[in-house]
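Here is a short briefing to read with the model open beside you. Please have a look at the fold, and then we can walk through a few places together.

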Amino acid sequence: MVALTLEKVGATYGRRVVLSDVNTGMLRGGGLTAVIGPNAAGKSTLFKRIAGLAAGPGLVQLSDTAKGPEAICYMPQDTGANAVLTVYESVLLSAKQGSGWKVKDEELAEIDRVLAALRIDDLAFRGLGELSGGQRQLVSIAQALVRKPEVLLMDEPTSALDLFRQIEVLGFMKRLSAQSGMAVLIALHDLNHALRYCEDTIVISNGSVVASGPTPDVITTEMLKSVYRVEARVEACSLGRPVVIVDDSIQAA
Ligand SMILES: Nc1ncnc2c1ncn2[C@@H]1O[C@H](COP(=O)(O)OP(=O)(O)OP(=O)(O)O)[C@@H](O)[C@H]1O
């Protein structure tokens with residue numbers, strides 16, 4: 001099973017340092033890891049740095065991979081729609097990225113499977129430009145999955161989805177990572193999604209990792225106060241699951 005380790009990883013845009021000294025233990029495939037933190041903390045930048053799309057110091061180490069650097073797939077937060085392509089064409093194009101143009105039957109079957117699993121098979125022959133924001137987000141997930149990554153970096157993949165779709169997609173990703181051994185890192189703003197679906201959580205604040213480990217150990221009242229500047233409680237709901245209840249924001253003195 002693939003494993004990802006970050007050693008003293010930083011990222012810069014020109015001369016501006018936006019991420020520094022990120023170290024992780026070995027992030028093993030087979031589960032979901034949440035990457036959380038306030039706006040502009042550096043979550044997307046961390047993903048871009050891991051995917052080789054941002055410059056910076058440190059080591060991004062992949063082990064036990066069958067594909068090498070090709071194993072990593074970054075699903076960006078904003079996905080511009082190319083109005084010329086249909087959903088099916090855009091997913092096919094993504095599947096063929098980096099390989100030849102000959103299309104095998106099993107590749108088409110895989111596209112059908114992924115579209116059906118995400119319940120967007122009915123959109124297959126619609127133009128990307130005529131989709132809603134949520135539909136476009138589901139297509140982006142399909143484009144990432146057909147590439148069969150070993151490490152998938154999903155940047156706020158449920159931000160445009162309705163409640164049903166959010167839990168459906170996150171539940172699907174959890175099952176898929178367990179079955180396939182894929183390592184999935186997900187940038188999330190909904191901390192209850194992190195608590196419910198992600199075994200581990202990494203907290204980024206001001207370009208540094210300020211906490212990491214098993215999600216219930218990381219998402220605490222103290223962390224919510226120091227990182228998010230909110231008064232909040234983490235309590236068991238009637239089903240026994242931990243949930244974040246936010247009471248108020250903490251105003252700067
Ligand atoms: N291309 C860029 N050039 C210069 N600065 C950038 C660039 N992209 C991002 N930044 C800056 O880097 C910092 C981190 O941004 P990043 O997008 O990684 O944050 P984030 O944690 O993903 O935020 P959000 O939750 O708002 O999506 C911010 O201060 C942002 O303004």
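Let's begin with a pair of helices: α2 and α4 are roughly parallel to each other, because their axes cross at roughly 30° and angles under 35 degrees count as roughly parallel. Please keep in mind that this is a predicted model.

**Helix α2 with helix α4**

- The axes of α2 and α4 come within 8 Å, and the crossing of the two helices is right-handed.
- On the α2 side, the residues that meet α4 are Val87, Ser90, Val91 and Ser94; on the α4 side, the partners are Val139, Ala142 and Gln143.
- By class, the contact of α2 with α4 holds four nonpolar and three polar residues, with no charged ones.

**Helix α2 with helix α3**

- Helix α2 covers residues 87–95 and helix α3 covers residues 105–117.
- Their axes come within 11 Å and cross at roughly 120°.
- The crossing of α2 and α3 is right-handed.
- From α2, the contact takes in Tyr88, Val91, Leu92 and Ala95, while α3 brings Glu107, Ile111 and Leu115.
- The residues of this contact of α2 with α3 comprise six nonpolar and one charged, with no polar ones.

**Around the ligand**

- Which residues surround the ligand? They are Tyr13, Arg16, Val18, Gly37, Asn39, Ala40, Ala41, Gly42, Lys43, Ser44 and Thr45.
- Two elements, β3 (16–22) and α1 (43–50), each give two or more residues to this shell.
- Helix α1 gives the most to the shell, with three residues.
- Sorted by class, the shell around the ligand has five polar, four nonpolar and two charged residues.

**Valine 9 in strand β2**

- Valine 9 sits in strand β2, which spans residues 9–13.
- Is valine 9 buried or exposed? It is buried, because 22 other C-beta atoms lie within 10 Å and 20 or more count as buried.
- Beyond its neighbours within four places in sequence, valine 9 is in contact with Val22, Arg49, Gly56, Gly58, Leu59 and Val60.
- Valine 9 and threonine 24 are 15 residues apart in sequence, and their C-alpha atoms are 9.4 Å apart in space.

**Two loop residues with positive phi**

- Arginine 119 lies in the loop between α3 and α4 (133–145).
- Phi of arginine 119 is near 55°, a positive value in a residue other than glycine.
- Arginine 119 counts as partly exposed, with 13 C-beta neighbours inside 10 Å.
- Where is glutamate 156? It lies in the loop between β8 (151–155) and α5 (163–180).
- Glutamate 156 also has a positive phi, near 45°, and is a residue other than glycine.
- With 19 C-beta neighbours inside 10 Å, glutamate 156 counts as partly exposed, because a buried residue needs 20 or more.

Key: Residues are numbered from 1 along each chain as its sequence is written. This is a predicted model: local features need pLDDT of at least 70, side-chain atom pairs count only at pLDDT 80 or more; totals for chains, interfaces and linings use all residues. A residue is near a molecule or strand if its C-beta atom, placed from the backbone, lies within 6 Å of it. Helices (H or I, at least four residues) and strands (E, at least two) are DSSP runs, numbered from the N terminus. Ala, Val, Leu, Ile, Met, Phe, Trp, Tyr, Cys and Pro count as nonpolar, Asp, Glu, Lys and Arg as charged, and the others, Gly among them, as polar. Axes are lines fitted to C-alpha atoms, for helices over the stretch in contact, and angles run from 0 to 180 degrees between N-to-C directions. A crossing is left-handed if the near helix is turned anticlockwise from the far one by less than a right angle, and right-handed if clockwise. Two residues are in contact if their C-beta atoms, placed from the backbone, lie within 7 Å. A residue is buried if 20 or more other C-beta atoms lie within 10 Å of its own, exposed if 12 or fewer, and partly exposed in between; C-beta atoms are placed from the backbone. Angles under 35 degrees count as roughly parallel, over 145 as roughly antiparallel, 65 to 115 as roughly perpendicular and the rest as oblique.
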